[in-house]
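Me: Can you walk me through this one? I want the fold first, then the charges.

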Amino acid sequence: MHILWENIAITILSFILLYALLQKFAFSKLFAIMEQRRELVMGQMNEAAQTRQQAAQYVEDQKKALEQARKDAQEIIERSRQTSSKQAEQMLEQAKEEAVRLKTEAVRDIENEKNKAVEELRSELGTVSVKIASKLIQREVSNGKAQEELVDQYLKEVGGRP
């Protein structure tokens, strides 16, 4: 095998020339495009990381809002229970007051009727007493026992003594 130094020199010079031309016209544009691509990929990665972080924050915010809503709902339910308990107690108290009022009115009405009945009995007793006295006077009974029997008889009619 024989080495041709001229071919090697021409190949090296051609390679250097090609490299210089590529460096001047192609590598700068190629590297610029690659740098742009790298920056684009890095920007997208940063944007994805931010989006992921925002999504995680949004999920946390939603969890907090849901928990707060549950607490608020529980408070509303508790207030409703307390309100209904108070209303039930008030209704029970009103019913008791109404029962006491009705009882008081009934006792007063009974007392009034009793007083009327007593007054009627007194006036009737007075009338009967006058009748007894007039009958006693008419009979002019001399015997005390007969007078007592007559008085007892009239009292039985009135409902006084047995």
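Reply: A definition to begin with: helices (H or I, at least four residues) and strands (E, at least two) are DSSP runs, numbered from the N terminus. This is a predicted model, in which local features need pLDDT of at least 70, side-chain atom pairs count only at pLDDT 80 or more, and totals for chains, interfaces and linings use all residues. Residues are numbered from 1 along each chain as its sequence is written, and side-chain values use heavy atoms, with hydrogens and water left out.

Me: How many helices and strands does the chain have?
Reply: The chain has 2 helices and 0 strands. Helix α1 covers residues 5-139.

Me: What is the radius of gyration?
Reply: The chain has 62 Å, whereas a compact globule of 162 residues would be near 15 Å. The radius is taken over C-alpha atoms, and the globule rule is 2.2 Å times the number of residues to the power 0.38. Along the principal axes, the C-alpha atoms fill a box of roughly 195 × 30 × 10 Å.

Me: What share of the residues is buried?
Reply: Buried residues are 3% of the 162. Buried means under 20% relative accessible area, exposed over 50%, and partly exposed in between (1.4 Å probe, protein chains only). Glu 6, at 56%, counts as exposed.

Me: Which residues make the nonpolar surface patch?
Reply: Ile 3, Trp 5, Ile 8, Ile 12, Phe 15, Ile 16 and Tyr 19 make a patch of about 780 Å². Patches take residues with over 30% relative accessible area and no salt bridge; like charges are joined within 9 Å, and nonpolar side chains (Val, Leu, Ile, Met, Phe, Trp, Tyr) within 5 Å. Ile 16, for one, lies in helix α1 and is partly exposed at 49%.

Me: OK, charges. How many positive and negative side chains?
Reply: There are 25 positive and 26 negative ones, and the centres of the two sets lie 4 Å apart. Lys and Arg count as positive, Asp and Glu as negative; His and the chain ends are not counted. Each charge is placed at NZ of Lys, CZ of Arg, CG of Asp or CD of Glu.

Me: How many salt bridges?
Reply: The count comes to 6, where a salt bridge is a side-chain nitrogen of Lys or Arg within 4 Å of a carboxyl oxygen of Asp or Glu.

Me: What does Arg 101 pair with?
Reply: Arg 101 meets Glu 98 at 2.1 Å, N to O, and Glu 105 at 2.5 Å, N to O. In helix α1, Glu 98 is 3 residues from Arg 101, about one helical turn; Glu 105 is 4 residues from Arg 101, also about one turn.

Me: What about Glu 113?
Reply: Glu 113 forms a salt bridge with Lys 116 (3.8 Å, N to O). Both lie in helix α1, 3 residues apart. Shared partners join Glu 98, Arg 101 and Glu 105 into one network.

Notes. Accessible areas come from the Shrake-Rupley method with a 1.4 Å probe; for residues, only the protein chains shown count as cover.
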